[in-house]
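Please examine the sequence and the structure below before reading the report.

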Amino acid sequence: MAKINKKWGLGMIMLLIFLLSACSSRFKNETIIISAGNEALAQEQHDLNPVQVKKIYRLPDENIDKGYWLGWTSSNSIVGAFKKAGFPDQSLLKQIVYPYEQSKILSEVKMDNTQMMLSPNGSKIADMDITRTAATLELFSLKDTRKTEVDTFNMKSEKYFQNMSWSENSQFISYLILDTVATKESILRIYDTSSNSAQSYRLNGFNNGDTILDVKVSNDVRSALVKLYDSTGKATIVLGRLTDGNFESKYRRQIANYQMVWISNDQFAFLGRDGNLYEYDQRNGELSIVLERVAAFEFSTDKRFIAYKLQDEDIIYVGKMQGRNVLYNEPVYHGILPLNMKWSPDNTSLLVQGSKIYANPNIVPNDVSVEEPSFIIEFE
């Protein structure tokens, strides 16, 4: 009987060791999962922290009245186009890199710097060469500094070119060829930089009293936004679907005379006449207010951040986006009327160009260039 008890005792000990080992193994696995959860939580908390200014870099004077900075070519480099003294048809492409102390000339090109457009990814500059008989789209590569003619559209005497823009994914360039006599003959033309092909769309649903100003296509090229002045002179945005070579109007609303931005292939943002920053979703027709009393705004490329100025203020704010909500409203610069704001690709810096606002008009300097500073705000 004692031998049996010893066997049972030994078995119980072995079973207990096995159970403790299994529990220990399970607890270790749970510890790893908890650790991963803490890391995810820490990252989420980091994303929710307010934006803080690390440093501000004042850019050197580049005769800003004769040109401007186009935007970012990388996370620490911007490019600009400035008129060459004594040569009105020549532009100097200049680049400045961190720590933004001295620019260098990249190339001298025969391009109109008043209508140059830098692609959102910072790789190419688009320009339109206009003659009496044709409009030619030109692309300048910042990688190899080569200019290429990519699309030509024959112009009749009653037709003229009007504004162009890049899609948010840097693949498509859209521009308008308008007819001064017959509005129905006006077209939207879209060039695809990937396939090196172009397609035209007839503009439908516009009135003879409409003055079409600008256009911007979605990344999937299924929709386009057109900005115009209506017959009463009020700025208006028109959303249209691009099907079978036609632009078909689907939504129309009066807006403030400022930019229109695609948030996704179905959502876009615009500034209303009432000062509200709106987001419209064409899938369900929902119109939402993002911010109120806005005078100017600029979303980052990935739409995670927004820089903006409020009405009756001389302050630039920066906030983080969560859906249609701005989580923080942090002031990052005072005393400027921002005319142009551009986010760096990694969202760590903001290029600002504008007019300086002076509280005391008696201290305004005579040098105009000093009144229109360009600077870069670097964030933590």
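## Overall make-up

The structure is a predicted model. The protein contains two helices and 28 strands. Of its 380 residues, 44% are buried. Among contacts with a separation of 6 or more, 40% are between residues 24 or more positions apart.

The accessible surface of the protein is about 20,100 Å². Carbon and sulfur atoms contribute 50% of that surface.

## Confidence

The average pLDDT of the protein is 84, and 82% of the residues reach a score of at least 70. Two segments are to be read with care.

## The largest pocket

The largest pocket has a volume of about 1,600 Å³. Its lining is made up of 48 residues, and those closest to the centre of the pocket are Met117, Gln259, Glu298, Asn340 and Lys342. By class, the lining comprises 24 nonpolar, 16 polar and eight charged residues.

Several strands take part in this lining. Those that each supply at least two residues include strand S2 (67-74), strand S6 (117-118), strand S10 (159-166) and strand S14 (211-217). Strand S17 (246-262), strand S21 (294-299), strand S26 (336-343) and strand S27 (349-356) also each provide at least two lining residues.

Glutamine 162 is located in strand S10. Its relative accessible area is 17%, below the 20% limit, and glutamine 162 is therefore classed as buried. Leaving aside residues up to four places away in sequence, glutamine 162 touches Tyr175, Leu176, Leu178, Ile212 and Leu213. The C-alpha atom of glutamine 162 is separated by 9.8 Å from that of leucine 188, and the two residues are 26 residues apart along the chain.

Serine 194 is found in the loop between strand S12 (187-192) and strand S13 (197-203). With a relative accessible area of 56%, serine 194 is over the 50% limit and so counts as exposed. Serine 194 and phenylalanine 172 are 22 residues apart along the chain, and their C-alpha atoms are separated by 8.3 Å.

## Backbone features in loops

Tyrosine 98 and proline 99 are joined by a cis peptide bond, with omega at about 10°. Proline 99 belongs to the loop between strand S4 (87-97) and strand S5 (104-109).

Positive phi values occur at aspartate 244 and lysine 303, neither of which is a glycine. For aspartate 244, phi is about 50°; the residue sits in the loop between strand S16 (235-243) and S17. Aspartate 244 is exposed, because its relative accessible area of 76% is over 50%. For lysine 303, phi is near 65°, and the residue lies in the loop between S21 and strand S22 (305-310). Lysine 303 is buried, because its relative accessible area of 15% is under 20%.

Notes: Residues numbered from 1 in each chain as written. Predicted model: local features only at pLDDT ≥ 70, side-chain atom pairs only at ≥ 80, totals over all residues. Heavy atoms only, no water. Helix = DSSP H or I, 4+ residues; strand = E, 2+ residues; numbered from the N terminus. Buried < 20%, exposed > 50% of the residue type's maximum accessible area, 1.4 Å probe, protein only. Contact = heavy atoms within 4.5 Å. Areas by Shrake-Rupley, 256 points an atom, 1.4 Å probe, with all protein chains shown as cover. 1 Å grid on protein atoms, 1.4 Å probe; cavity = no way out; pocket = protein on both sides within 12 Å on 5 of 7 lines; lining within 4 Å. Points joined across faces, edges and corners; volume = space filled by probe spheres on them. Nonpolar A, V, L, I, M, F, W, Y, C, P; charged D, E, K, R; others polar. pLDDT = per-residue confidence, 0-100.
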